[in-house]
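Please take a moment with the sequence and the structure shown below before reading on. The report that follows goes through a few places in the chain.

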Amino acid sequence: MRRLLSPALVALVAAVVFAHTLSFEFVYDDVWAIVHNSRVHSLAHWRDILTSPYWKNELYRPVTSMTFAADWTAWGGSPAGFHLANVLLHVLASLLVYALAAALLPRAGALAAALLFAVHPVHVEAVANVVGRAEVLATVFTLLAVLLYRRHGDLASGGAPNPWPAVGTLASVLLALASKESAFATPGLLLVMDWYHARTTGEPFFDRFRRQRTLWVAVVLLAVLWLGLRARILGELAGDHPAPGLEGTHVGDRLLIMLPVVAEYVRLLLVPLRLSADYSPDFLPISRSFTPRTLLGLALLTGCVGLALGARKRAPVVTAGLAWTGMSLFIVSNVAVPTGILLAERTQYLASVGVCLALGWAWFEIGRRRPLIAAALLVVLVGVGAVRSWTRAWAWRDGDTFFSQLVLDAPGSYRSDWVAGMRAYIAGDSDTGERLMKRGLRTYGGNPVMLIDFAKVMEKQGRWREAGNYRWAAFLADSSLGTEAA
């Protein structure tokens, strides 16, 4: 029974921190991805879900969509059921983090790592916003794949090979890829686990990997095949419109653009007190030049690599955790392939697992020397994280609350100006609305929905030529959306 106390505590904390989200409504992207998407209103549409994009004509996440259809069928479209599923999935993810940490750390360190994951404020967007489920599902199945892959290697090392862990690994990888693109980090994460086993047992890495190579190659082939299926359904490899500032860029450009964002990654994963629902320009400035912020990002990245290399002998779990975080972030970093966002807190969900593993080791080492200080430190960190997550989640309660908070979160963002401008129009202040909308369009004028919103305002004011210009600009930005909205 004592063995169950730690995972029970992790599950309880993870559930309590987000329990109040069951009263929340559908917010922001939930409206278009779920409420206005009849495809996910019945499980009878499963064929359509499996052969259609996830979002308009972009992305491909059939497992996530199937869970939405299951929720709609079970709850009749009530948001409470969707939010309940998100909370339960977060509980499951936290328990899997505990299971992974328990394989790498002493039990006390594993408990600390899992509790920190359960309350991490950067997870709020993934859990409190229903469409954030894609991140949670991908993480759940990725963790399952890693645990089963380790089990497969352990059985092979003991001379008792069993095919079922291999089958489970491949099934988990498939489900992870079908949940969200972040799961493409899985082959790298499996290698990290092989390296950790070799480092801690003294077995040569290639001996460990040799017993796993067939399974690992199968995972890579599965990822390649999935990428091909995804490209076939979406018509292109990326399957998403590039984020503002990434249009027409090559790898070198994107590396310069994203290096300054490394500082945001570090801040969000280690000190996530200030949170935002939006990281668009110019709240998050975009530059292809080498600036002081680029230098800071490069210094932080170099420091993390140096720490990982320096810790590989004395603290291999720190090295493994940093490698996990780096590989997870690389998939969403826009460097290899541009995505539709520069940065979003929900995309840190999988990456945070590695950070929590490293912090669990650090906490355990403190506890060996100063147990009372370590206990107090853990209570403070978990308490602060829980309070911040609880209070931040209220930003996702309903549409009015969310959009009001977005304006406060991201001053200078074109999206913040867009939201504030439209709210000013609704309140009858046309002068302020027009000023904010034009300022937002000067920052970034390539969002077709924003252009259409402004065109509709111009039409209401009888300014037909200006409205036509904005509709034409929207059509050029996205011909399908421009036509549908016309």
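Predicted model: local features only at pLDDT ≥ 70, side-chain atom pairs only at ≥ 80, totals over all residues.

L270 has its place in helix 13, and although L270 and C356 are 86 residues apart along the chain, their C-alpha atoms are separated by 9.4 Å.

Is S280, by contrast in its setting, buried or exposed? S280 counts as buried, because its relative accessibility is 7% and buried means under 20%. S280 lies in the loop between helix 13 (261–270) and helix 14 (292–310). When its neighbours within four places in sequence are left aside, S280 is in contact with S413, Y414 and R415.

The table sets the two residues side by side.

| Residue | Relative accessible area | Class |
|---|---|---|
| S280 | 7% | buried |

Elsewhere in the chain there is a pair of helices to look at. The axes of helix 5 (residues 79–104) and helix 8 (residues 133–157) come within 9 Å of each other and cross at roughly 30°. Helix 5 is therefore roughly parallel to helix 8, since angles under 35 degrees count as roughly parallel. The crossing of helix 5 and helix 8 is left-handed, and the residues that form the contact between helix 5 and helix 8 divide into 18 nonpolar, two polar and two charged.

Conventions. Residues numbered from 1 in each chain as written. Heavy atoms only, no water. Axes fitted to C-alpha atoms, helices over the stretch in contact; angles between N-to-C directions. Helix = DSSP H or I, 4+ residues; strand = E, 2+ residues; numbered from the N terminus. Parallel < 35°, antiparallel > 145°, perpendicular 65-115°, else oblique. Left-handed = near helix turned anticlockwise from the far one by under 90°. Nonpolar A, V, L, I, M, F, W, Y, C, P; charged D, E, K, R; others polar. Buried < 20%, exposed > 50% of the residue type's maximum accessible area, 1.4 Å probe, protein only. Contact = heavy atoms within 4.5 Å.
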